[in-house]
Amino acid sequence: METSGLREYLDGPYKAARDVVRAGLEANPELLDFAVTLPTDEYRDKVLELLQQITAEGHPARGFPKEYGGEGDLGGFIAGFETLAFGDLSLMVKAGVQFGLFAGAILHLGTERHHERYLADAVSGRLLGCFAMTETGHGSNVQALGTTATYDASTGEFVVHTPTPSARKDYIGNAARHGRMAAVFAQLVVGGETHGVHCLLVPIRADDGTAMPGVTLTDCGPKLGLNGVDNGRIVFDQVRVPREALLDRYAQIDAEGNYKSEIENPDRRFFTMLGTLVQGRVSVGGAAINASKVALAIAIRYGDQRRQFGAPGSAEEALLLDYRMHQRRLLPLLARTYALHFAQAELVDEFVRIFGDGSSEHDRRALEAQAAGTKALGTWHATETIQTCREACGGAGYLAENRLATLKADTDVFTTFEGDNTVLLQLVAKGLLTDYRESFGKLDPLGTARFIAAQAVEIAVEKAALRPLVERLRDVVPNRSGDSADPDAGLRDDGYHSGMLRFREEHMLAGVARRLKAGIDAGDEPFEVFNRCQDHVIAAGRAHVDRVVLEAFQAAVADAPEEIRQLLKDVCDLHALATIEAERAWYLEHGRLSPGRSKAITALVNELCAVVRPAAVELVDAFGIPGSAVEVPMVVPSQHE
């Protein structure tokens with residue numbers, strides 16, 4: 001197979017942006033050693049130096065308006081950011097803090113005067129900034145932040161203050177060493193009335209690097225990973241900033257101290273402001289998926305070279321990747337990485353569409369949920385994949401020189417920053433439940449009666465254990481994918497795969513909706529009802545994202561050039577069946593699988609591993625990872641490049 005065709009397809013419309021970053025990473029291979037060879041302060045300064053270098057090359061500016069030094073290419077900006085994850089992840093995260101979060105807050109929450117004064121300097125790296133949202137006592141619950149920004153009408157200033165230890169800004173990238181200004185999220189208090197969380201620009205360091213009056217900066221100290229990022233803590237003691245420091249796209253305060261906003265509902269205003277910052281979540285998910293690609297490229301190349309044991313009496317040992325269990329460990333993860341790659345590509349396309357044409361609030365909410373779900377699955381996938389790859393490489397995988405240790409440490413926090421994954425899946429599920437409630441409310445009386453009847457039949461069928469009988473009958477009758485003698489009949493059908501995942505999603509959603517309604521109808525407190533169902537809610541959210549990811553992969557296969565379509569179809573089938581297999585207990589419990597069909601799925605996953613195995617190296621080569629990132633000491637350069 002010609003790898004270049006597959007790589008071209010994976011790169012998509014933003015190939016040029018990806019190649020610019022690849023070239024920069026290839027030109028600086030020594031960066032990959034800094035995490036283990038340099039003292040922390042030197043490592044951080046070296047990361048800053050390289051950040052300024054890629055800034056000079058123009059990549060970070062790509063997503064910003066042309067009048068401020070950018071190219072107005074949001075998709076290319078995100079693609080380039082994702083590609084940075086092939087290299088040192090501290091550099092990628094520092095770039096995300098500076099350009100995605102700090103400059104992004106100015107762009108999306110500020111107005112023209114903020115853009116004119118700050119944006120060009122932020123985009124060029126002349127003004128290094130922080131994104132001061134998270135607090136010691138509040139991470140995911142941003143609405144409950146403790147920091148205050150109280151307007152003093154007599155001077156026309158805001159007084160920014162940290163009232164309690166739990167309101168200290170914590171884990172803030174760029175705060176400990178390099179940041180000069182912070183985008184600070186605080187409760188806005190005007191005329192004694194609190195208007196909720198808003199964002200202000202607050203200087204935290206003077207030009208000589210010393211802290212500004214009233215600002216206390218401390219270092220978070222050594223971390224599990226990402227030690228090239230200077231995470232710090234910020235405490236404000238009655239720090240005064242001018243009225244113009246408020247990023248006032250969604251709410252303004254006039255010279256007389258009157259607060260006004262076009263969005264009257266404070267909750268809606270808050271979520272609208274946060275929704276404009278979804279780019280960070282989109283980017284982190286893509287970066288995690290790319291980190292998974294690096295780990296798989298290393299482990300699969302190693303497995304294609306390393307020999308161990310062999311057939312009795314044979315003088316030659318077998319390749320690791322020829323062992324079925326080794327294939328089982330790595331190849332379904334490779335298939336899921338491809339699935340997540342295409343789901344991420346769909347997400348980026350949707351992000352560009354929505355932020356490019358000013359779409360409706362409903363579209364933005366849908367994008368936020370899609371970003372939350374993809375980020376959760378992508379970052380959990382990275383954690384699982386890198387650990388499995390480390391184990392698959394034995395002792396060699398434990399050595400720092402072979403990159404997996406650093407990858408493991410640096411990506412671990414991805415599951416909790418830009419939103420804790422469990423909370424994000426709850427957000428996904430709440431959106432689904434809202435849509436479910438609205439759809440149900442739109443049914444006419446006949447439709448409502450049919451819906452209730454269908455639910456009753458569904459429950460009765462499960463209780464009577466009739467579904468297994470139906471599945472057993474399906475196992476022995478012909479269908480469109482083959483004759484009845486084929487134990488795999490229908491199991492490679494796209495409709496079967498998506499239908500199984502859709503059934504699980506819809507069943508879980510209906511089930512949790514029934515539980516919530518029953519609890520509330522019984523007079524229980526809504527919070528307690530939701531808390532009792534929380535595990536069910538999270539599972540429904542994950543089931544939804546699983547289905548969305550699979551269908552993104554199926555669509556990508558259908559659109560693929562003919563010369564790579566069959567290979568992608570094999571990989572897609574492996575992903576789909578491995579996903580169903582992983583949840584086979586649930587499907588058996590709910591009568592959607594018979595034992596015989598469950599066994600047939602497991603057998604087919606094994607067969608597909610064998611089908612995909614000869615192309616495994618080509619599949620990871622197609623990711624286009626720079627050689628310096630994957631040609632570690634335990635892996636000789638790929639013969640397929």
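## Surface and overall make-up

Accessible areas here come from the Shrake-Rupley method with a 1.4 Å probe. On that basis the chain exposes about 26900 Å², of which carbon and sulfur atoms supply 53%. The structure is a predicted model, and the values below should be read with that in mind.

Of the 641 residues of the chain, 54% count as buried, and the secondary structure comes to 24 helices and 13 strands. Among the contacts in the chain with a separation of 6 or more, 73% are accounted for by residues 24 or more positions apart.

The antiparallel strands β4 and β8 (residues 232–236) are joined by two bridges, and Lys 169 stands opposite Ile 234 in β8.

A further antiparallel pairing, over four bridges, links strand β3 (residues 157–161) with β9. Within this pairing, Val 160 has Val 239 of β9 as its bridge partner. In a regular strand the side chains alternate between the two faces of the sheet. Strand β9 (residues 239–242) has a covered face made up of Val 239 and Val 241, whereas Arg 240 and Pro 242 make up the uncovered one.

## Salt bridges

Side chains of opposite charge can pair when their charged atoms come close. With a side-chain nitrogen of Lys or Arg required to lie within 4 Å of a carboxyl oxygen of Asp or Glu, the count comes to 41 salt bridges. In one of them the side chains of Arg 613 and Asp 304 meet at 2.9 Å, N to O. Arg 613 lies in the loop between α22 (595–612) and α23 (616–621), and Asp 304 in the loop between α9 (279–303) and β12 (307–308), so the pair ties together parts that are 309 residues apart in sequence. Arg 613 is buried, with a relative accessible area of 11%, while Asp 304, at 25% relative accessibility, counts as partly exposed.

Asp 524 and Arg 532 form another salt bridge, in which the closest N and O atoms are 2.9 Å apart. Here Asp 524 is partly exposed at 31% relative accessibility, and Arg 532 is partly exposed as well, with a relative accessible area of 46%. Elsewhere, salt bridges that share partners join Arg 7, Asp 11, Lys 15, Arg 18, Asp 19, Arg 22 and Glu 82 into one network. Arg 18 and Asp 11 meet in a salt bridge at 3.9 Å, N to O, and both Arg 18 and Asp 11 are buried.

## Aromatic pairs

The structure holds eleven aromatic pairs. One of these is formed by Trp 586 and Tyr 587, whose arrangement is edge-to-face, at 5.3 Å centre to centre and with 85° between the planes. Trp 586 counts as buried at 12% relative accessibility, and Tyr 587 is buried with a relative accessible area of 1%.

An aromatic cluster is formed by Tyr 9, Phe 342 and Phe 553.

How values were computed
Residues numbered from 1 in each chain as written. Predicted model: local features only at pLDDT ≥ 70, side-chain atom pairs only at ≥ 80, totals over all residues. Heavy atoms only, no water. Buried < 20%, exposed > 50% of the residue type's maximum accessible area, 1.4 Å probe, protein only. Pairing = 2+ DSSP bridges. Contact = heavy atoms within 4.5 Å. Phe/Tyr/Trp six-rings, centres within 6.5 Å; stacked < 30°, edge-to-face > 60°.
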